[in-house]
Amino acid sequence: MSILTTATRMWLTRTWKPFLFTNEYDKQLFFQNVENLGLYIHIPFCRSICSFCPYCKALYEKEALDRYVDSLIKEIHMVGRMNKGKKYVSSLYFGGGTPALAIERLGEIIQAINCHFIITDGIGLELHPADVVPEVLLKLKELGITKISIGIQSFQDKFLRVLGRGKTDYAGMFKALQQVSFQTVSMDFIFALPGQQFRDLRRDIETAFANGANHIAIYPFIDFTFTDSRIPAMDKNQKRRLLDRITAYCDKKGYHRDSIWTFSKDKKAKYSSMTRDNFLGFGCSATTLLKDQFKINTFSPEQYYKRLEDGRLPTSLTLRFSKRQRMVYYLFWTAYTTRVSAVTFRKFFGVSLKKKYGLELFLAKKAGFLTEKNGIYQMTPKGAYYYHYYEQYYTLSYIDKMWGIMRKTAFPEKISF
């Protein structure tokens, strides 16, 4: 555990007590009165496994996928029946893995969701570039998918080779995007790869926006300890220069920045399964965030099936938030959007943001990390860089440890941060 993340956690939560995840779980989830609730569904199957990818995943086999979807539908109904009537939710996102591998059964999954929830802001789904073909896109549109996110990583062969990705028919992909439209077409890229320079990233950004994308995400490469990746990390100063130049370029072009890593041509084009106040997660490794708890499902497909066959939720670990811990979690992920609203914070917690974190906000403004106008705290480019820098510490100190353990142990006794 990093000294930086530990010290920050103790300071912001005003306690020595760690974030403690235990193997207990609730049979009943109380989301009935939760506002701004989102949904997430994890489909872990892939045609091949990328060495750098840290997410819960498995090689695709039709029989395994069908068994998984059967269990997933059981979980959706089990949780959905905990609410009387249908619950309004903001959005539904499918992640993975490669969700399009389940395209023949996506309709059943969405139908199960529709039995218990009313989606007000659309459905998003991640796509591998190989799946961006007219017949797949048309099927997704028929199913009610309104947003797609394509995991490009790079349009350039030299970086795809570094990542272990094969070649893609991009001309065919661009043509397919011209034939079938969506509210949001996002394209994901990785920056801070060996030898990568600003001109490489600018070329990828320009190619994306010129060929169907109205939204892009540019994530830093993170070397998780449990992956098989052998990609060397980029020097932090070089990484900062890259991030600063990407930000300045997108600002100059008039693109809207809606998070640390994402930019769009149109403010209405959004794609994020993370920046939601509360959400329910379904599937292996999926997480659920409510007002007073955070829970994560088992990473083991076999144990996932068994729990649901026994009529039990597949929860592996649960964190019971103290109020300060929940505030820190809220602020961390809200800050990911580069802005925090004092009004929204008060509405969520019933207390003033300045009362709880006035000193921190004052110091952040003095350091040039934030500006304030009409109760909105907006990150400066300097603040965004340091958030990015700290977020990687967080990822390697918390997520790397947790996922590393859960990949090996279906139901750990406890994990403390």
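Analyst: A residue is called buried when its relative accessible area is under 20%, exposed when it is over 50%, and partly exposed in between. The model is a predicted one.

User: Is strand S9 largely enclosed or open, and how many of its residues are buried?

Analyst: Strand S9 covers residues 147–153. Lys 147, Ser 149, Gly 151 and Gln 153 point one way, while Ile 148, Ile 150 and Ile 152 point the other way, and all are buried.

User: In which sense do S8 and S9 pair, and what is the hand of the crossover between them?

Analyst: Strand S8, residues 123–127, pairs with S9 over four bridges in the parallel sense. Within this pairing, Leu 125 stands opposite Ile 148 of S9. From S8 the chain passes through helix H4, residues 134–142, to S9, a β-α-β crossover that is right-handed.

User: Which residue of S10 is the bridge partner of Ser 149?

Analyst: Strand S10 spans residues 184–191 and runs parallel to S9, with six bridges joining them. The bridge partner of Ser 149 in S10 is Ser 186.

User: How many disulfides does a search of the whole structure find?

Analyst: A disulfide would need two cysteine sulfur atoms within 2.5 Å. The number found in the whole structure is zero.

User: Does Cys 250 count as buried or exposed?

Analyst: Cys 115, at 42% relative accessibility, counts as partly exposed. Cys 250 has 0% relative accessibility, so it counts as buried.

How values were computed. Residues are numbered from 1 along each chain as its sequence is written. This is a predicted model: local features need pLDDT of at least 70, side-chain atom pairs count only at pLDDT 80 or more; totals for chains, interfaces and linings use all residues. Side-chain values use heavy atoms; hydrogens and water are left out. Buried means under 20% relative accessible area, exposed over 50%, partly exposed in between (1.4 Å probe, protein chains only). Helices (H or I, at least four residues) and strands (E, at least two) are DSSP runs, numbered from the N terminus. Two strands pair if DSSP finds at least two bridges between them. A crossover is right-handed if, with the strands pointing away from the viewer, the path from the first strand over the helix to the second runs clockwise.
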